[in-house]
Amino acid sequence: MSKDITEQELEKLVAYLDGEVSEQEAIEVEQALSNDESTRARVDGLERAWEMLDRLPISKASEEFTDKTLSSIRTVQLEAQAAEDQQPSGFGMTKKTRAQLRKAAISAGWIAGLACSIFVGYLITNQWVPDESDPLIRELSFIENLDTYSEVQSLEFLEELTKSGTFDETAQQ
């Protein structure tokens, strides 16, 4: 009974002949070979085709051909890449524009983060580091009357003035 072999079965047979199948697939192919005459004939035909291909002389490509082929491939790759870079994708922007926009957004993020860090640092140090003028402001009335206080000779003298009522008279005026 002759049956047509599907392309998938043919690929499996070629892979079997090349030794590229798993152990389970090899067992399946060998069972098909032992049970089906058309499969054996197909495998024999494939083996003969390989033998004939092995007998053909191998020609080597010239260096010029290799160079031209490789440069053609590279040109096609560059053209495809340039076309891809120019092709709008998402929001009508090219890949190059999106990459530049992404870099700008990252830079802006870093700058904003740095500015916030500087501002927070300023606020923190402003609270922790005491202002040198605070004690002077608290003692301003004393500093304004320093000349008057320097004329006082001792604390006992001030106490005698307080007992005599001199300060009370000045406060009333």
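Buried means under 20% relative accessible area, exposed means over 50%, and partly exposed lies in between, with a 1.4 Å probe and protein chains only. I start there because D54, at 64% relative accessibility, counts as exposed by that rule.

Before going on, two notes on where the values come from. This is a predicted model, in which local features need pLDDT of at least 70 and side-chain atom pairs count only at pLDDT 80 or more, while totals for chains, interfaces and linings use all residues. Residues are numbered from 1 along each chain as its sequence is written, and side-chain values use heavy atoms, with hydrogens and water left out.

Now the overall picture. The protein has ten helices and zero strands, where helices (H or I, at least four residues) and strands (E, at least two) are DSSP runs, numbered from the N terminus. Read along the sequence, the pattern is therefore α-α-α-α-α-α-α-α-α-α. There are 173 residues, and 8% of them count as buried. The protein exposes about 15300 Å², of which carbon and sulfur atoms supply 57%. Accessible areas come from the Shrake-Rupley method with a 1.4 Å probe, and for residues only the protein chains shown count as cover. As for contacts, meaning heavy atoms within 4.5 Å, take those in the protein with a separation of 6 or more: residues 24 or more positions apart account for 37% of them.

Next, the salt bridges. Side chains of opposite charge can pair when their charged atoms come close. The rule used here asks for a side-chain nitrogen of Lys or Arg within 4 Å of a carboxyl oxygen of Asp or Glu. How many salt bridges does a search of the whole structure find? It finds three.

One of them joins K12 and E28, with the closest N and O atoms 2.8 Å apart. This pair links distant parts of the chain, since K12 sits in helix 1 (residues 7-18) and E28 in helix 2 (residues 23-35), 16 residues apart. K12 is partly exposed at a relative accessible area of 30%, and E28 is partly exposed at 35%.

Another is formed by E37 and R40, where the closest N and O atoms are 2.5 Å apart. Both residues lie in helix 3, three residues apart, or about one turn of the helix. E37 has 52% relative accessibility, so it counts as exposed. R40 has 31%, so it counts as partly exposed.

There is also a salt bridge between the side chains of E64 and K68, at 3.2 Å from N to O. Why are E64 and K68 separated by about one helical turn? Because they are four residues apart in helix 4 (residues 63-86).

Let me turn to some buried positions. V29 is in helix 2. Is V29 buried or exposed? It is buried, with a relative accessible area of 4%. Leaving aside neighbours within four places in sequence, V29 is in contact with K12, L13 and Y16. For V29 and L13, the C-alpha to C-alpha separation is 7.0 Å, and they are 16 residues apart in sequence.

T39 is in helix 3, and at 7% relative accessibility T39 counts as buried. Which residues does T39 contact, leaving aside its neighbours within four places in sequence? They are I5, L13, A32 and L33. E9, in helix 1, is 30 residues from T39 along the chain, and the C-alpha atoms of E9 and T39 are separated by 9.4 Å. E9 itself is partly exposed, with a relative accessible area of 34%.

Last, the surface patches. Patches are made of residues with over 30% relative accessible area and no salt bridge; like charges are joined within 9 Å, and nonpolar side chains (Val, Leu, Ile, Met, Phe, Trp, Tyr) within 5 Å.

The nonpolar patch consists of F119, V120, Y122, L123, I124, W128 and V129, with about 770 Å² of accessible area together. Among them, V120 is in helix 5 (residues 95-128). V120 is partly exposed, with a relative accessible area of 44%.
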